[in-house]
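I opened the model and kept a notebook of what I looked up.

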Amino acid sequence: MLSKEVQLEVNKGAMLPLMEEFYTIQGEGFHTGTAAYFIRIGGCDVGCHWCDVKESWNAELHPPTGIEQIVTNATKYSETVVITGGEPLMWDMSLLTQKLKENNRKVHIETSGAYPLTGTWDWICLSPKKNKLPTETVYDNAHELKVIIYNKHDFIFAEEQAEKVNPNAILFLQPEWSKKEEMTPLIVDYVMNNPKWRVSLQTHKYLNIP
């Protein structure tokens, strides 16, 4: 149970449930292969059955951490900082992104879009989920739409999401890791027949890095 003072700081985004932070190579989507500092914020109620970081779901497991400390750590390593989760938009991202921008960092987010957009972003990667669809603010501002393909029906979902996202968003299809042998050939064929899409792979898992 958090103290009243800490809960107030969390509510305004001055403290956030930090799960982990690490410097690595971006493994997915548009920025694949580039160095970035990742900040993983705990808490998610979207509940994807194939999520590879289920330990991030319960925010209470991850101690509230002051954003000044988070920013200090991030600025030691990289010009680009990626906020991920969990679902970071469960929390107000305004103060964290403001502090990172004050330090001249490029600030990216990976989100399901299930909550209204807060914060100031250089890049928004929207990865929508069927059981909790994105809000209009995220559809309207996403730079990248990345749809995870777990089965053939997900191609239909991908097209539905492409209709909703803004016309400037770059479109990616990515095989769910446990289904990659089955789904990757289907994605390759789909992209060749529907070239508005691009293929995304979880290259960090092939490289065995975080």
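My entries follow, topic by topic.

**Ground rules.** This is a predicted model, so I take local features only at pLDDT of at least 70 and side-chain atom pairs only at pLDDT 80 or more, while totals for chains, interfaces and linings use all residues. Residues are numbered from 1 along each chain as its sequence is written, and side-chain values use heavy atoms, with hydrogens and water left out.

**Cysteines.** I looked for disulfides, meaning pairs of cysteine sulfur atoms within 2.5 Å. The search of the whole structure gave 0.

I placed both residues next. Cysteine 48 sits in the loop between S2 and S3, and cysteine 51 is also in the loop between S2 and S3. Helices (H or I, at least four residues) and strands (E, at least two) are DSSP runs, numbered from the N terminus.

Is cysteine 48 buried or exposed? Cysteine 48 is buried, at a relative accessible area of 12%. My classes are buried under 20% relative accessible area, exposed over 50%, and partly exposed in between (1.4 Å probe, protein chains only). I then listed contacts (heavy atoms within 4.5 Å), leaving out residues up to four places away in sequence. Cysteine 48 touches Lys54, Trp57, Lys129 and Asn131.

UniProt, in an unreviewed entry, lists Cys44, Cys48 and Cys51 under "binding site". The lining of the largest pocket includes Cys44, Cys48 and Cys51. The same feature name is also placed by UniProt (unreviewed entry) at Trp50, Cys51, Asp52, Gly86, Ser127, Pro128 and Lys129. From this set, the lining of the largest pocket takes in Trp50, Cys51, Asp52, Gly86, Ser127 and Lys129.

I noted the terms. A pocket, on a 1 Å grid over the protein atoms alone, is an open set of points where a 1.4 Å probe fits, with protein on both sides within 12 Å along at least five of seven lines; lining residues have an atom within 4 Å of a point. UniProt positions are in the numbering used here, feature names are shortened, and annotations may be inferred rather than shown by experiment.

**Tryptophan 50.** Tryptophan 50 lies in the loop between strand S2 (35-41) and strand S3 (64-66). At 23% relative accessibility, tryptophan 50 is partly exposed. Its contacts beyond four places in sequence are Lys129, Ile148, Tyr150 and Glu176.

**Backbone.** Most residues other than glycine have a negative phi, and most peptide bonds are trans. I looked for exceptions. The peptide bond from glycine 85 to glycine 86 is cis, with omega near 15°. Glycine 86 is in the loop between strand S4 (80-84) and helix H3 (94-102). Asparagine 104 has a positive phi of about 60° and is exposed at 63% relative accessibility. Asparagine 208 has a positive phi near 60°, lies in the segment after H7, and is exposed at 69%.

**Isoleucine 209.** Isoleucine 209 lies after helix H7 (203-207) and is partly exposed, at 29%. Which residues does isoleucine 209 touch, not counting residues up to four places away in sequence? They are Thr24, Ile25 and His204. Isoleucine 25 is 184 residues apart along the chain, yet the C-alpha atoms are separated by 7.8 Å.
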